[in-house]
Each structure stands twice: as C-alpha cells, then as structure tokens.
Amino acid sequence: MENKKYYIITYGCQMNLHESEKIAGILSSMGYVLAENVKQADVIVFNTCCIRENAEQKAEGNIGALKQLKKNNKNLIVAVGGCMTQQKGYAEKLHKEFPFVDIIFGTHNLENFKVMMEEKAERKKTLIEVEDGNEIIYEGTPKTRSSYPNAWVNIMYGCNNFCTYCIVPYVRGREKSRSPKDILSECESLIKEGYKEITLLGQNVNSYGKNTEYGDFPELLAKVAELDGDFRLRYMTNHPKDLSDKLIDVIKSHDKICKSIHLPIQSGSDKILKAMNRHYTKADYLEKVNKLRAAVPDIAITTDVMVGFPNETEEDFEETFSVMKEVGYAGAFTFIYSRRSGTPAAEMEGQIDEETGKKRIMKLIAYQNAFNRKTSKNYEGKTVRILCEGYDDKKKKYLGRDEYGRMAYFDGTEKVLGNFVDVKIVKAGGISLYGELVKGE
Ligand code: 5AD
Ligand code: SF4
C-alpha cells in the first residue's frame, strides 16, 4: 500500500539511543514505519547530543543538508529534539539558522511529541517546545526497540554531579529515579518477549534512589537479576565516587549480572580530577578497581578517559597514561576535552590547544589498541558463551558478545539469532574474535 507513512531517526550518542526508541514508538503508534532511506521519509527526526562540539557540528551539518529535500517535498516534516535544543537560547538560534525545521522539542518535551506532530499537520509555523525541566516521570511511552536481543531500560534520568566539563546536568536536569515497580515490570515483560540482555541506564546508576523510598542501586540490581528467565544484565554508567561495597557484593553473587563494568576515570591526575569536580583521587579509583577484582577476579573494566582538560600538563597526562597501564582496561572511550559553553571549565584559564590534545589522545588509543590485541590472543582455543546479536553482511558471519563485552564472529544459521551459543575461538583479530559454533543451533 502506497499510503504508508515513513520515518527516520538519527541519534547523536549511545545514551540517547533508547530515547530514540521512544520517539520511534510514538511515531509507530501514529502509523509510521521505518523508512529505508532519507528520500522515502515523511518525517525525519534528529535526536541530538551536545556533549562534545563535534557531535553538535555534525548534527547541524546533517540538518542543513535537508534544505533541498524539504524544498522538493513540501510535506516532509523535519523535527529536532535531544540535548542540543536544551541549551540556553539554542532553539531560537536553530530556528533562525534553519527556518525550514518544523518541530523543535526539548528532552523534557518528548511526551508531547505526538501532539506536536498532530498540530504540525494543521499549521505551517515552526513549533518550539523546550522546557527547562520537570519533576514528572512519564510511564507508558510506547517504544519501538531496535536492538533485539538487547533492551535498554531507564532507571533514572538527569544528573546531579556537575563535573565541571560536562553539559549534561544543564540539559538533562536533576536526577529523578523511576520506581522499582515500574522498572521490574518493564524488565519482566522484556524477558517474556524474549529479550536476552537488559541494560539498566542512568547517567550515574550508583546514585539511583537517592532521596526516595525506592532503596538503592545494589538492591534494584539484585531484584532485576533475581527475575526468572534466561537473560543477562548490564548497567551503565557508574561514577567511581559512588561505587559501593554493597554493589560489588551484588555483582559477585548474581550469575546473571555480566562480569563487566563501565567505570569512567576521566583523568589519572589528582589535580585535574579535583578541577573536574569528580570527588575521587587516583588512589581512591585504584582502590575500587582492586576491590572489584578481589571480589570478581575476571571482571572486565571499561572506561571513559579525557585528555586536554584546562591546565593539563604533560605530567598530568602521564598520570592518566599510567593508570591506563595499571588497570588494563577491556575497553576505553577516549575523548579530547571539548569546551562547552555554560560549564565552569569553559571559563577556566589554561585551555589546551587542539594539537596537544590530539597528540595525547593518540598515545592512549595506540596503547589501548595494542593491549586489546594482546588480550584477544588469550581467547584463542577457548570456548565462550555468546549472545548472538545479528548478522554482519560484509563479513558474512553472525556476531555477538560474551559477558565481558568482547565481540565474536562465527558461521551459523538463522536459528542462532537472539540466542546464547557456545563459540570456540580460533583466531583473534585486533579486538574482535573469530570462532566456530560449538553448541546452540
Ligand atoms: N569534552 C569531552 N568529553 C566529554 N565527556 C563529557 N563531557 C565532555 C566534554 N566537555 C565525556 C566524558 C563522559 C563521556 C560520556 O563523555 O568522558 O564520561
Ligand atoms: Fe556529566 Fe559527570 Fe553527570 Fe557524567 S556524572 S553526566 S560526566 S556531570
């Protein structure tokens, strides 16, 4: 039938992937289906991220590129949502620069997106709704999930930490926790529907439940892990300052919780950590790592690291590099500090030039790549339990991850999709593994 309506959503970062699934859910409830390409789309939504300047520039470039498409197709609706729109004065700036954008909606206005879409059909004017924040948690937003057999579940929204470089607390507002009842019933339904991996999401999951009667994060994690069914459980992101012994105990005593934790260090220099307002020292961080490893010896630790924060000297950077070597991360997301207007760090003297940032990040990346290659080799000959996530058209192989987050490729048939399978690793290539299916078809 040709009267079908089509949508496309692009998202700016991993964190707003799940929010995009909610936007997709709203559009699906209005009869839209996913378009195969931009030309086919009746509505194009940009769910933007503004955590770093390059994400913002990229989004603006992509929005600008739609001008012609919009001219050729008068019925096309272009909507821009997400963190970018929440910045002070940004919605107005966007409207001025790209007057053809039809809808601009803030992260706190997602629930109203359907109404805005309906209203737009009757009006020509750009609709702008960007609220500063609200206390309400909306339950029951439809979701069109796109990462089966993995499912994302929000346990909280916002952030109270105000790391001095970070724009998130300004655009996402204060921390709000969802009730355990709502979280558990969502997880239960997902397991019944056949999802095999649940990732609990929050900017700092370790502060879940603060100032509520909901209990704390370790209690919530244990309750989810104790649900019936064949699934595994992840959670992100952890702030090292709030990682408790109680959490370590829960991780240790529940098999369904993956032996993997994302623990952003940001910097290894105490001077820089203080200026970042991170509330821990290098020694505190290493102590938590040691505790984790004492309890769960094979736990895979991943991290976020930043270079080029204002006043970062060569010595400060070397401290970061030394922590990286000392911990031996299973994965590291590396970033060059990006000056975000409105944050305290943007006003600091001693901003670092781009070249220095690039040089430092290259050193971290080179080290991490070499480390990954080395640890990959340890997998050769071993049989690992993989959750098959999909099929790689280029490699012509199925793919999935083990509980440590390591990606493996293997031959199989469609039956493996969405299932746990045993794969014997025959070859390590960089960070990825290549193996043969042993069991699971
Ligand atoms: N510049 C560079 N990286 C940043 N991050 C957050 N804010 C900035 C910024 N201004 C990084 C942090 C965080 C991750 C999600 O993004 O490392 O953990
Ligand atoms: Fe940003 Fe810090 Fe909050 Fe993470 S904990 S979202 S880095 S302010």
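## Briefing: salt bridges, ligand shells and a covered strand

Lysine 291 and aspartate 245 form a salt bridge through their side chains, with 3.0 Å from N to O. Because lysine 291 belongs to helix H11 (residues 282-295) and aspartate 245 to helix H9 (residues 245-253), this pair ties together parts 46 residues apart in sequence. The model is predicted, and it holds 27 salt bridges.

**Salt bridges**

- Lysine 291 counts as partly exposed, at 34% relative accessibility, and aspartate 245 also counts as partly exposed, at 46%.
- Arginine 172 forms a salt bridge with glutamate 19, and their closest N and O atoms are 2.8 Å apart.
- That pair links distant parts of the chain, since arginine 172 sits in helix H6 (residues 168-172) and glutamate 19 in helix H1 (residues 17-29), 153 residues apart.
- Arginine 172 and glutamate 19 are both buried.
- Within helix H13 (residues 354-377), glutamate 354 and lysine 358 lie four residues apart, about one turn of the helix; they form a salt bridge with closest N and O atoms 3.4 Å apart.
- Glutamate 354 is exposed, at 56% relative accessible area, while lysine 358 is partly exposed, at 37%.
- Glu139, Lys143, Arg145, Arg178 and Glu186 are joined into one network by salt bridges that share partners.

**Ligand 1**

- The shell around ligand 1 has six nonpolar, two polar and three charged residues, including Ile51, Arg52, Phe335 and Ser338.
- Strand E13 (300-307) and strand E14 (331-336) each supply at least two residues of this shell.
- Oxygen atoms of ligand 1 have polar side-chain atoms beside them: one of glutamine 266 at 2.6 Å, and an N or O atom of aspartate 304 at 2.6 Å.
- A nitrogen atom of ligand 1 lies 3.0 Å from a backbone N or O atom of tyrosine 165.
- Ligand 1 taken alone exposes 410 Å², and the protein buries 87% of that.

**Ligand 2**

- Seven nonpolar, three polar and one charged residues make up the shell around ligand 2.
- Among them are Cys159, Cys163, Cys166, Gln203, His239 and Arg278.
- Tyr165 is one of the residues around ligand 2 and is also listed around ligand 1.

**Strand E3**

- In strand E3 (residues 43-48), six of six residues are buried.
- Val43, Val45 and Asn47 lie on one side and Ile44, Phe46 and Thr48 on the other, and both faces are covered.
- In a regular strand, side chains alternate between the two faces of the sheet.
- E3 pairs in the parallel sense with strand E1 (residues 5-11) over five bridges, where isoleucine 9 stands opposite valine 45.
- E3 also pairs in the parallel sense with strand E4 (residues 77-82) over six bridges, and valine 43 stands opposite isoleucine 77 there.

Methods:
Residues are numbered from 1 along each chain as its sequence is written. Chains are lettered from A and ligands numbered from 1 in the order in which they are written. This is a predicted model: local features need pLDDT of at least 70, side-chain atom pairs count only at pLDDT 80 or more; totals for chains, interfaces and linings use all residues. Side-chain values use heavy atoms; hydrogens and water are left out. A residue is near a molecule or strand if one of its heavy atoms lies within 4 Å of it. A polar contact is a pair of N or O atoms within 3.5 Å; within protein, one must be able to donate a hydrogen and the other to accept it, and residues adjacent in sequence count only if both atoms are side-chain atoms. Accessible areas come from the Shrake-Rupley method with a 1.4 Å probe; for residues, only the protein chains shown count as cover. Ala, Val, Leu, Ile, Met, Phe, Trp, Tyr, Cys and Pro count as nonpolar, Asp, Glu, Lys and Arg as charged, and the others, Gly among them, as polar. Buried means under 20% relative accessible area, exposed over 50%, partly exposed in between (1.4 Å probe, protein chains only). Two strands pair if DSSP finds at least two bridges between them. A salt bridge is a side-chain nitrogen of Lys or Arg within 4 Å of a carboxyl oxygen of Asp or Glu.
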